[in-house]
Amino acid sequence: ELLDSLEPVGKFYMCLFILYITLALFVVCNIITGIFVESAMQAAKQDYDSLMHEAALRKEECINEITSVFKALDADGDG
């Protein structure tokens, strides 16, 4: 229907209009994909940060437990 209105101006402008619509759709799809990828990257970064925080807490717990074991073994304090 829309292309029919362009028929009087010629085939060149009909093809140009189709190319314009195709590129516009491509741009919109590309923007939407970029938004999804950006949100996925932010979610992955938050997951990584929380994993690193948990690993640091576990490491600190292990260090505290090992320190207490060594202090208990060295009761007289001579090393």
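**View 1. The aromatic pair of the predicted model.** The structure, which is a predicted model, holds one aromatic pair. Its partners are Phe 12 and Tyr 13, whose rings are arranged edge-to-face, with 5.3 Å from centre to centre and 75° between the planes. The arrangement is called edge-to-face because planes over 60 degrees apart fall into that class.

View 2. Tyr 13, at 45% relative accessibility, counts as partly exposed.

**View 3. Secondary structure and overall dimensions of the chain.** The secondary structure of the chain comes to two helices, with zero strands. Taken along the principal axes, the box filled by the C-alpha atoms is roughly 105 × 20 × 10 Å. The radius of gyration of the chain is 32 Å, whereas a compact globule of 79 residues would have a value near 12 Å.

**View 4. Burial and surface of the chain.** Of the 79 residues of the chain, 3% count as buried, a class that requires under 20% relative accessible area. The accessible surface of the chain comes to about 7,300 Å², and carbon and sulfur atoms account for 68% of this area.

**View 5. Charged side chains.** The chain carries 13 negative and 5 positive side chains. The centres of these two sets lie 4 Å apart, in a chain whose C-alpha atoms fill a box of roughly 105 × 20 × 10 Å.

Terms used. Residues are numbered from 1 along each chain as its sequence is written. This is a predicted model: local features need pLDDT of at least 70, side-chain atom pairs count only at pLDDT 80 or more; totals for chains, interfaces and linings use all residues. Side-chain values use heavy atoms; hydrogens and water are left out. Helices (H or I, at least four residues) and strands (E, at least two) are DSSP runs, numbered from the N terminus. The radius of gyration is taken over C-alpha atoms; the globule rule is 2.2 Å times the number of residues to the power 0.38. Buried means under 20% relative accessible area, exposed over 50%, partly exposed in between (1.4 Å probe, protein chains only). Accessible areas come from the Shrake-Rupley method with a 1.4 Å probe; for residues, only the protein chains shown count as cover. Lys and Arg count as positive and Asp and Glu as negative; His and the chain ends are not counted. The place of a charge is taken as NZ of Lys, CZ of Arg, CG of Asp or CD of Glu. Rings of Phe, Tyr and Trp (its six-membered ring) pair if their centres lie within 6.5 Å; planes under 30 degrees apart count as stacked, over 60 as edge-to-face and the rest as tilted.
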